[in-house]
Amino acid sequence: MALRAREELRHPGPGTAWGRQRIPLAAGEPDTPLTRALTLADSNWAVAFELDHVRQFVINTDITLALHREPVGEWFCIRSATAASPGGSGLAAGQLSDGAGDCGRILQTLLVADR
């Protein structure tokens with residue numbers, strides 16, 4: 001996964017990253033744009049820089065990827081924002097785009113706990 005823009009790393013807040021899958025999902029099987037999108041979508045929560053990863057432990061407990069068109073290509077952009085409640089639950093919401101533009105939304109529920 002590509003890193004977020006350098007300026008975004010200086011301030012907590014939503015994040016944006018372009019990335020691509022480096023390792024095949026299944027050995028010996030060709031990946032498709034759909035499998036690449038699904039694989040990258042799992043990184044949605046980590047693209048935003050809103051939770052303190054040093055003092056907090058974060059686990060994404062589930063993921064929903066809703067596509068409004070077939071994804072294309074190898075590279076995908078994720079724009080993500082996260083929020084967590086004091087009770088330990090959180091939510092990461094993202095937009096997934098490819099070289100042709102917006103193709104879907106990502107939603108993940110999070111478990112957030114102090115280390």
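Q: What makes up the protein chain in terms of helices and strands?
A: This is a predicted model, and its protein chain has three helices and five strands. Going along the sequence, they come in the pattern α-β-α-α-β-β-β-β.

Q: Why is the protein chain called as compact as a globular protein of its length?
A: Take the radius of gyration, which is 14 Å. The globule rule gives 13 Å for 115 residues, and the two values are close, so the chain counts as compact as a globular protein of that length. For a picture of the outline, the C-alpha atoms fill a box of roughly 40 × 30 × 25 Å along the principal axes.

Q: Why is C77 called buried?
A: Buried means under 20% relative accessible area. C77 has 0%, so it is buried.

Q: What makes C103 buried?
A: The cut-off works here too: C103 has a relative accessible area of 0%, which is under 20%, so C103 is buried. Across the protein chain, buried residues make up 31% of the 115 residues.

Q: What share of the accessible surface belongs to carbon and sulfur atoms?
A: That share is 59%, out of about 6900 Å² for the protein chain.

Terms used. Residues are numbered from 1 along each chain as its sequence is written. This is a predicted model: local features need pLDDT of at least 70, side-chain atom pairs count only at pLDDT 80 or more; totals for chains, interfaces and linings use all residues. Side-chain values use heavy atoms; hydrogens and water are left out. Buried means under 20% relative accessible area, exposed over 50%, partly exposed in between (1.4 Å probe, protein chains only). Helices (H or I, at least four residues) and strands (E, at least two) are DSSP runs, numbered from the N terminus. The radius of gyration is taken over C-alpha atoms; the globule rule is 2.2 Å times the number of residues to the power 0.38. Accessible areas come from the Shrake-Rupley method with a 1.4 Å probe; for residues, only the protein chains shown count as cover.
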